[in-house]
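Here are my notes on the model. Please read them with the structure open beside you.

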Amino acid sequence: AEEPLTFEFWFKSDSLSTAGKNQVLYETGGTGTGTAIVINNTTVSVYTDRGDDTTQLFNVDYDLNTGSIDPTADFVHLAVTLEMNGTSGMEIFVNGVSRASNTSESTTGALSGQNGAGLGRRNTTGGLSIASPLDPASLAIFEGEIAVFRYYPFELSADQVRQNYHALTPGMVISVTTDSDNQQVYGTANENQALTLTAPAG
């Protein structure tokens, strides 16, 4: 793939990896071209090697602890956008919010060439399964659950990522109260908060 794209996950970790071990959420590619999305302890990282050229090695990472997010306590929504040929680079969204980005420009390159892909593990057990600068020996099977995985052959906007996040999160609970005259009720609330509507006085 050489067009913009998006990977989307809902995942929950059973256990956090020790230092030096990258649990694979998604991986594809070989020694020349590849892409990997991994979690090491609480840090989510995206690596992409778009060819045999050190100027085409890109990565971005985000520590979930920064946002007080515990991947072992609840499912985490993760979206990764990549523009393979353009200026927007790569971006990590966690729970509907942009958390980190790398806007380095890539004028050429592909996602993985002819290689297969692996979800929750490397795409093969061979030595060609890698995205630089990751060491193949550091890649480990993901310990947890991946409830949702989506691939889009285009780059989701920030609004679209947020909409996808809220589509699978609890909505507002609305409690409606009216007076004896059945007057119109109204009220306001922030997202994901309970909303109680009460009739105006009079």
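Is alanine 140 buried, partly exposed or exposed?

1. Alanine 140 is partly exposed, because its relative accessible area is 22% and the partly exposed class lies between buried (under 20%) and exposed (over 50%), using a 1.4 Å probe and protein chains only. Alanine 140 sits in strand 10, residues 139–141. Strands here are DSSP runs (E, at least two residues), numbered from the N terminus.

2. A word on the basis. This is a predicted model, where local features need pLDDT of at least 70, side-chain atom pairs count only at pLDDT 80 or more, and totals for chains, interfaces and linings use all residues. Residues are numbered from 1 along each chain as its sequence is written, and side-chain values use heavy atoms, with hydrogens and water left out.

3. Back to alanine 140. Leaving aside neighbours within four places in sequence, alanine 140 is in contact (heavy atoms within 4.5 Å) with Lys21, Asn22, Gln23 and Val24. Arginine 121 is 19 residues away in sequence, yet the two C-alpha atoms are 6.7 Å apart.

4. The largest nonpolar core has 24 residues. Such a core is a set of buried Ala, Val, Leu, Ile, Met, Phe, Trp, Tyr and Cys residues joined through side-chain atoms within 4.5 Å. Phe9, Phe11 and Leu78 are among those with the most contacts inside the largest core. Strands 1 to 7 each give two or more residues to this core. A second, separate core of 6 residues includes Val24, Val38, Tyr47 and Leu134.

5. Look at histidine 77 in strand 6, residues 76–82. Histidine 77 counts as buried because its relative accessibility is 0%. Its side chain makes a polar contact of 2.7 Å with that of glutamate 8. A polar contact is a pair of N or O atoms within 3.5 Å; within protein, one must be able to donate a hydrogen and the other to accept it, and residues adjacent in sequence count only if both atoms are side-chain atoms.

6. Phenylalanine 58 belongs to strand 5. At 7% relative accessibility, phenylalanine 58 is buried.

7. Finally, leucine 119. Leucine 119 lies in strand 9, residues 117–119. Its relative accessible area is 45%, so leucine 119 is partly exposed. Phenylalanine 9 has leucine 119 among its contacts.

How values were computed. Helices (H or I, at least four residues) and strands (E, at least two) are DSSP runs, numbered from the N terminus.
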